[in-house]
Amino acid sequence: PSILVIGSITTLLFAILLSACSDDDDNMNVPEPPEGDFVNGKLVLHEGSFGGVGNITFISDDRSEIKRSIFQEVNPDEDLGELTKSIFFDDGLAYIISGGSNFITVVDRFTFEKVGEVAGGLENPRYGTVLNNKAYVTNSATFDSLTDDYVAVIDLESLAVENTIELGNIAEQIISYDQKLYVMNADGFDGSEITIIDPAELTTETLDIGEGLNSIKRNDNSIYALSNSNLTEIDLSTESIVNTQSVPDAISGAKNLELTDSKIYYTFENKVYRSDYSDSTLSDNEFITYNSTSGFGTMYGFDVIRDEIYVADAVDFASNGFVRIYDIDGNFIEEIEVELGPNSVYRN
């Protein structure tokens, strides 16, 4: 009997120990959920009108909560400046680029409390990315020149521009992958190249994609680049062009490239299209169509986030724009009035 008792006690102690270890492992593997009023939703970025300041609308995932002007609500004595162009993220922070005011506002991405600012060393900043604790932000510099654009290198500890990488070319969208930077040297009207930058060695090389280059996106180990005549795939392991899909004449000038694991999305005028990666020619069969009274504001923003499609219309840039939401099969879900000049939607 004593042996049975000892054995039972040993088994019980082992079970308790195993349970404690399992709980500890679970706690170590499950990250702390973010805290703040703007978790589990979408951020709609607004440029504002000419001479006015930009702002951001929050839409919860279930669309039960819509909060406008969230930056000014949280930071009543601050503003985001003119022409808020884009946002990039890193370690719970959001970096909001104000191209018309030449600064970047840094906020906690879930509470939207301002925590810092990059001011100085920027001239018409456009897009940004983070690599090895440094931010890299494209700058258009003077708009009357296509050869003075550059990439500002920003130390994320001091929030100071510590260096610039001169391109002698247009600098727009930027992607970081592995230890390299990929900069689109085009704005949809001028330019046809992508510059590959090794920031450690400060070396560059270029790939010629095609005229009318307007969008670049990464999917796994490839960058896809949309120009007037082709969708070009660049293998990032070899940094070479490995595939092209032709763009039909009927939609030459398609823009707003978005990628999912299974589909390619793009827009032309007031229509959305989609194709498969295996197609030799992009489809010109419209997938979604919506009515807009604004030529310039039509499809001013377009994003595919998980299983939803977001179309942002800036209307006349003097009155509130709107965002139309569709499911991944193109079925209309809801239209939401937002603020002036909505140009992009981000997952938060």
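On the surface, D187, D190, D208 and E211 form a patch of negative charge. The model is predicted.

**Negative patch**
- One member of the patch, D208, belongs to strand 15, which covers residues 203-208.
- D208 has a relative accessibility of 51%, and exposed means over 50%, so D208 counts as exposed.

**Nonpolar core**
- The largest nonpolar core has 16 residues.
- Within this core, the residues that touch the most other members are F88, Y95, I104, V118, L122, V137 and I154.
- Two or more residues each come from strand 5 (93-98), strand 6 (103-108), strand 9 (134-139) and strand 10 (150-155).
- Strand 10 gives the largest share of the core, with 3 residues.
- In soluble globular proteins, nonpolar side chains tend to be buried together.

**Loop residue G297**
- G297 sits in the loop that links strand 23 (288-289) and strand 24 (301-305).
- Buried means under 20% relative accessible area, so G297, at 0%, counts as buried.
- G297 and D316 are 19 residues apart along the chain, and their C-alpha atoms are separated by 6.5 Å.

**Loop residue K263**
- K263 is in the loop between strand 20 (255-259) and strand 21 (264-268).
- The relative accessible area of K263 is 23%, and K263 is therefore partly exposed.
- Along the chain, K263 and Y277 are 14 residues apart, while 6.5 Å separates their C-alpha atoms.

Notes
Residues numbered from 1 in each chain as written. Predicted model: local features only at pLDDT ≥ 70, side-chain atom pairs only at ≥ 80, totals over all residues. Heavy atoms only, no water. Patch = residues over 30% accessible without salt bridge, like charges linked within 9 Å, V, L, I, M, F, W, Y side chains within 5 Å. Areas by Shrake-Rupley, 256 points an atom, 1.4 Å probe, with all protein chains shown as cover. Salt bridge = Lys/Arg side-chain N within 4 Å of Asp/Glu carboxyl O. Lys, Arg positive; Asp, Glu negative; His and termini not counted. Charge placed at Lys NZ, Arg CZ, Asp CG, Glu CD. Helix = DSSP H or I, 4+ residues; strand = E, 2+ residues; numbered from the N terminus. Buried < 20%, exposed > 50% of the residue type's maximum accessible area, 1.4 Å probe, protein only. Core = buried A, V, L, I, M, F, W, Y, C linked by side-chain atoms within 4.5 Å.
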